[in-house]
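The following paragraphs lead the reader through a predicted model. The sequence and the structure are shown first, and the explanation follows them.

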Amino acid sequence: MRTMATGALWLFTAVLSLFLIAQPVGVDTQLALAACAISVSLVIYLLRLQGVWRTVFLAIATVVVLRYAYWRTTTTLPSPDDLLNFIPAIILYLAEMYYIVLLGTNLFVVADPMKRPPAPHVPDEALPRVDIFVPSYNESAEILALTLSSAKALDYPAHKLQVYLLDDGGTQEKRTARDPAKAAKAQARHVELQALCAGLGVTYVTRSRNVHAKAGNLNAGLAASDGDLIVVFDADHAPAREFLRQTVGYMVADPKVFLVQTPHFFSNPDPIEKNLKTFDRMPSENEMFYGTIQKGLDKWNAAFFCGSAAVLRRAALVEVGGFSGITITEDCETALDLHSRGWKSVYVDRSMVTGLQPETLSSFIGQRSRWCRGMLQILFLKNAALIPGLSLAQRICYLSSALVWFFPIMRVVFMVAPLLFIFFDLKIYDVSTQEFVAYALTYLAVSSLIRNYLYGQVRWPWMSELYEYVQSVYLFRAVLSVIVNPRRPTFNVTSKGDTLAEDRLSEIAWPYFAIFAVLLGATGYSLYRYQTEPEIGGILFVVTIWNVINLLLAAAALGVVTERRERRGAPRILTNRTAELQVEGRSLPVRVTDISTGGVRVEIEGSLDTLAPGSKASLRVTRLDGTLAGLLPVAIRAVEGQGHASTVVGLGYRAAYSDYPLIAELMLADMSPVRDQRSARQRRRALVLANANLLVWALAYPLRAFRHLLFDKPSAAPVAVAAQDVLAVPPVPALSSVSVDAQPAQS
């Protein structure tokens, strides 16, 4: 009923809007009407009104947006007879209409996000059998040890749970490669991971050939297992102990549910967060998707598989021949296939994994390029508008998720457009200053209000534009390649674990400097023209402001390409556990405050004077129910605050692979501190402060970037620092384990 009422209100608004927009009223009246609409919307936004007011806000905003689209279409385009101006004008117009269409689909998706109740409780005897897949390609044994140990420790009946490592780095194809060095490396990995799995009680699975990338690897896992449900965790996505208890109940309650997806939480910043130093105070980029958009998709039964941290039903996968592998985004493609066959999906907005993001800009761009090309492949090869079986709402949702990846082309268009007037005097946006204020400026104001009203808690102002610009420089070509040949893209594994010994420029930085120089030159030239050509002062002023905004984003991006050093090979996550430190014959109660795969930080109440760095010790780890989990071998690395009311001690592990379950217990048995950290970052940023942030970045970071450009010596590329470089991990004997060579199911 609520959905029908919302739709009726929007339909009424659209009809009324078309009637009002077509009325022949003057520019002053249009400005007054827009000002009233903005004022009402602003009050709703400032008072954080929800419920029916959310619909009122979106209805009013829709009127202003449609009003701008009508005016832009009927008034601002140059004559088709003037091709020199008309062609670039049409390109800019289409880019604007693209964003308006995308805005409309986004409003449809997130107008009323679903807030699901907790998963139904299921008695242990009624729980289905679960197979956990951890696909891997080139991740280190240390990363895998934590994920596998965490998966084995999940709160679930042990006889109904089986964990599989799906190793695509040790396939027969790789172990018999023509290059002897590559073959030897694959063979060593094969032996090492077999031993790791045997020690942890995990089934090791590999296959003959590396075909169909991750989808083929997952299908090999399907062929080697027989559980009712499949859980997928990426190799670096270590799950919380509660994961299955919070998800499987949805599957049991409704046999038509094929997917329960949860958010991805990352313990390290992406390159933009790291280089701009925003990770601890700003919502991460993916929180807009997982915090708002996925809940909106869930409303329309269109939440899709994101490749990890998800539960899937084997029967559903078997119905479509396994994980789909036509595109390089097998996750979304598989969900689309199953939604079109009438299966249902569930999204649970509860962070229950901790993973790793790409640490360097080049690996970040590589990851986003794969996402971009894969989603556009789905658009071209499996267009949701044409696939039978989907509801209208599902078609809109999938189209919205795919269309957004055309943003690199649109971002380039918006960057080039003002340059065409500044340098070549092309009239591609034919308006007066008064019309620009009455229509365009009010449209921009309402668009900003919409973004902040819907996404303000999970995305700060200007961050979408900055992320889009940083990616567009390289993704522009990726989009064109898919348009030319949708079947050409191939799957590339994202590099994880890269660390930098020193601050340096990214190896892909040079285009950002070139663009900055062009935009800076354009700003200078526009100021010159403003002085020498006063007759075009009005429109030139508008275009110059447009170019200056592009310049500010380009300047801030120079801070992104100036990569900060990151010597810590293992990012830390917050925790709040109690343990006992056994050292020098004493047993000291401690509180564990943060932890990584490299070490742990503990606080000891009371004054201590005798703890010496380098001392060997053990950490007595207890489970949440108070039972003993075991003794974790550690060494004291650093001691702070000795002789004071409390002492902070940094501990490094002296751990074998068999000790990783204890690390997983401390790190992931209770992820409440991690969720609290995520919630604390989800706060709105006032537009004034966001503007100030952008201005500070734009003024400060170019100086830093050019200093590196001029004075740095050529440096080595980032290297992946394995966890054994920071841990003392003794070798593990080669033990027997299960190896399955399976051909992937064909999608």
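Two strands are said to pair if DSSP finds at least two bridges between them. With that in mind, consider strand 17, residues 628–640, and strand 18, residues 646–653: these two pair in the antiparallel sense over six bridges. Within this pairing, I636 stands opposite L651 of strand 18.

Six strands form a closed barrel in the order 13-14-15-18-17-16, and their pairing is antiparallel. From one strand to the next, the twist averages 45°. A helix accompanies these strands: helix 21, residues 660–668, lies across strand 13 (573–583), strand 14 (586–595), strand 16 (616–622), strand 17 and strand 18. The direction of helix 21 is at about 75° to strand 17.

The discussion now turns to helices that pack against one another. Two packed helices are described by the angle between their axes and by the distance between the axes. Helix 18, residues 463–484, and helix 19, residues 510–532, have axes that come within 10 Å and cross at roughly 110°. Angles of 65 to 115 degrees count as roughly perpendicular, and helix 18 is therefore roughly perpendicular to helix 19. The crossing of helix 18 past helix 19 is right-handed. On the side of helix 18, the residues that meet helix 19 are Y469, V470, V473 and Y474; their counterparts in helix 19 are W510, P511, Y512 and I515. Sorted by class, this contact has eight nonpolar residues, with no polar and no charged ones.

Helix 4, residues 83–110, packs with helix 15, residues 392–403, at an angle of about 130°, and their axes are 9 Å apart. Because of this angle, helix 4 is oblique to helix 15. Helix 4 and helix 15 make a left-handed crossing. Helix 4 contributes Y98, L102, T105, N106, F108 and V109 to the contact, where they meet A393, I396, C397, S400 and L403 of helix 15. The residues of this contact comprise eight nonpolar, three polar and no charged ones.

Finally, the protein chain may be viewed as a whole. The chain contains 23 helices and 19 strands. Of its 747 residues, 56% are buried. Among contacts in the chain with a separation of 6 or more, 82% are between residues 24 or more positions apart.

How values were computed:
Residues are numbered from 1 along each chain as its sequence is written. This is a predicted model: local features need pLDDT of at least 70, side-chain atom pairs count only at pLDDT 80 or more; totals for chains, interfaces and linings use all residues. Side-chain values use heavy atoms; hydrogens and water are left out. Axes are lines fitted to C-alpha atoms, for helices over the stretch in contact, and angles run from 0 to 180 degrees between N-to-C directions. Helices (H or I, at least four residues) and strands (E, at least two) are DSSP runs, numbered from the N terminus. Angles under 35 degrees count as roughly parallel, over 145 as roughly antiparallel, 65 to 115 as roughly perpendicular and the rest as oblique. A crossing is left-handed if the near helix is turned anticlockwise from the far one by less than a right angle, and right-handed if clockwise. Contact means heavy atoms within 4.5 Å. Ala, Val, Leu, Ile, Met, Phe, Trp, Tyr, Cys and Pro count as nonpolar, Asp, Glu, Lys and Arg as charged, and the others, Gly among them, as polar. Buried means under 20% relative accessible area, exposed over 50%, partly exposed in between (1.4 Å probe, protein chains only).
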